[in-house]
Amino acid sequence: MDMSEISAGPSHSPDVPAAPAGSAPDPRRWLILGTVGLAQLMVVLDATIVNIALPSAQRALGFTTVDRQWVVTAYALAFGSLLLFGGRLGDLIGRKFMFLAGALGFAVASAVGGAATSFGMLIASRAAQGVFGAFLAPAALSILATTFTDARERGRAFGVFGAIVGAGGAIGLVLGGILTEYLSWRWCLYVNLVFAGLAVIGGALLLRRQPSHGRPRLDLPGVVLASAGMFCVVYGFSNAASHNWHTPSTYGFLAAGVALLAAFVLWQWRAASPLLPPRVVLDRNRGGAYLAVLIVGAGMFGIFLFLTYYLQQSLGYSPVITGVAFLPMIAMVVVAANLSNIVLMPRFGPKPLVTAGMLLAAAGLVWLTRIGIHSDYASAVLGPLLIAGLGFGFTVAPSMNTGTFGVAPQDAGVASATLNTGQQIGGSIGTSLLNTIFASSVAGYLASHLTPATLVHGRPAPALVSQALVHGYTTGFWWVAGIFAAGAIICGTLLRPGTLGTPASGPASPAVAEISEAAAGPPLRTSGLPEQYLSLQAIGIAEEDAQRSPEVVHGAVARPGLDEPLTGSPRRLPGRRRPGPRGRCAPGPTSGSGGQARCSRRSRRC
């Protein structure tokens, strides 16, 4: 919208950017973006970098294949169950403190894990990483959301941040392969000291203390219900991935998690200071963004899981070459994330971008179903990776931007934590569900193709096993494509059309509608006025009118403090001077106590 003209017609959304409109942008904001980006990259890549190092760590520490899952599950349990708690702590005691504490704690836990001499020591360090990651990740995103308030700069910042979130998992595969092959599996943990050290130095020098607004109390029952519920859900899905869905430890924990989370939702409507205020989630755009991140998390982990196995087991790639094979997708995610947030979001809003992104990702997965035992990377894998990367970039970055837009400063931390929670839960659901589908598909293929000719010493022939594995991969890719297609429909329906900040469709309140109809007239010329001031006027004017219970004068509506009713004349901004009667100049409507003007309505003199 051209800021030189503002019409006083339609009402505006009550959601406003998190930072005050009159505050000047931080001159060090781009350095803050680099600091926050490094911290987020450390958290995201840690979820996949350890996967590459697991076989080497297993040989070094001597734990069993059954126990190997706990290296991943310990991190997921701590991280997923404490995200909302960590986000709210940042709102209460300060985001800078939580950012620095999270980065330092993550570094210490990584150092302990890298120096682990036993399986128990490694598991304890991974759980500690999850705890401090749950403190760090929401603080990083909320700092970004409250630092960048200008629409154009916010788009650039979230383009970079979304690229990190979307490509971080693949970067972890590349870095993990290089470190494991040329150094040691321990460096997959030691490398976090570099990222954390830079983040701590940058955070200490650049970040300003952001005090809490109103100091609400911590919702302890909400913390217990949310943390216990998330723990049960993540553990249930993790157990399903390693065992099956019929074991009591799977469906029992999942049922308990659903019950606890249902109780948490009910409690949030009654709590005086809720852990996750319903107003954060009930906004259609934010709710759609949270759901989009969850769906992308499920599908993205599916691609990493199946494609990594396919490249290594079927095509015989080394860990390093496997990681390098994901580089084109990383590049496409970076390009698409910045293109969507900087160029397309201000014009079209999140709805078409998220929908198109999920459809592109689905198309890439459908293309991947054509892989075979002797497929070539350039013809069967490269193209689908590029298409999927384009879809991820169009989905993740706009969702991160939308999920934190319009949130009050005291809710920025928990809104950021909700985004991270969606990604973590999506990854857990995707890994467990797709693992089950893969195992069932492989077993079914082997059972239907077993003949005396395909048996070697009473076991399936290697060629048959290879075909069964490829069948399992393609079946998994079909399921992921279906997940993305369903996500495109659901999120496309949930997200509102238009750009961020566009008024929601639907009838306005009677007071706002009456004011808007009475005040409609020629647009106000406001050239030369500060943009911060115009933003406040455009966003808050209708809600301000509704709250002041306007008085009706001879059938026209007049706001308290105005010298004449609004009968089609342009709305005058507070503080401007206008010609008074007989050539004298009377001041504009500056409200005093009780909303009354300081100049006399009869004499038109001050």
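This is a predicted model: local features need pLDDT of at least 70, side-chain atom pairs count only at pLDDT 80 or more; totals for chains, interfaces and linings use all residues.
**Exercise 1. Describe helix H4 as a whole: where does H4 bend, and how many of its residues are buried?**

Step 1. Take the span. H4 has 29 residues, and its first and last C-alpha atoms are 42 Å apart, close to the 42 Å expected at 1.5 Å a residue.

Step 2. Follow the axis along the helix, and you will find a bend of about 30° at Gly 133.

Step 3. Count the covered positions: 21 of the 29 residues in H4 are buried, making the helix mostly covered.

**Exercise 2. Explore the largest nonpolar core: which residues touch the most other members, and which helix gives the most to this core?**

Step 1. The largest nonpolar core has 127 residues, and those touching the most other members are Phe 99, Leu 307, Tyr 310, Phe 326, Met 358, Phe 392 and Phe 484.

Step 2. Helix H1, residues 29–61, gives the most to this core, with 15 residues.

Step 3. Zoom in on Phe 99. Beyond four places in sequence, its contacts include Thr 35, Val 36 and Ala 39, and also among them are Leu 136, Ala 139, Ala 140 and Ile 143.

**Exercise 3. Consider the cysteines: how many disulfides does the structure hold, and is Cys 491 buried or exposed?**

Step 1. A disulfide needs two cysteine sulfur atoms within 2.5 Å, and the structure holds zero disulfides.

Step 2. Cys 491 has 0% relative accessibility and is buried. Cys 232, at 10%, is buried too.

**Exercise 4. Find the surroundings of Gly 430: in which helix does Gly 430 lie, and with which residues is it in contact?**

Step 1. Gly 430 sits in helix H16, residues 412–449.

Step 2. With a relative accessible area of 4%, Gly 430 is buried.

Step 3. Leaving out neighbours within four places in sequence, Gly 430 contacts Ala 298 and Asn 435.

Step 4. Compare sequence with space: Gly 430 and Met 300 are 130 residues apart in sequence, with 8.3 Å between their C-alpha atoms.

Methods. Residues are numbered from 1 along each chain as its sequence is written. Side-chain values use heavy atoms; hydrogens and water are left out. Helices (H or I, at least four residues) and strands (E, at least two) are DSSP runs, numbered from the N terminus. The expected span of a helix is 1.5 Å times one less than its number of residues. The bend at a residue is the angle between axes fitted to the seven residues ending there and the seven starting there. Buried means under 20% relative accessible area, exposed over 50%, partly exposed in between (1.4 Å probe, protein chains only). A nonpolar core is a set of buried Ala, Val, Leu, Ile, Met, Phe, Trp, Tyr and Cys residues joined through side-chain atoms within 4.5 Å. Contact means heavy atoms within 4.5 Å.
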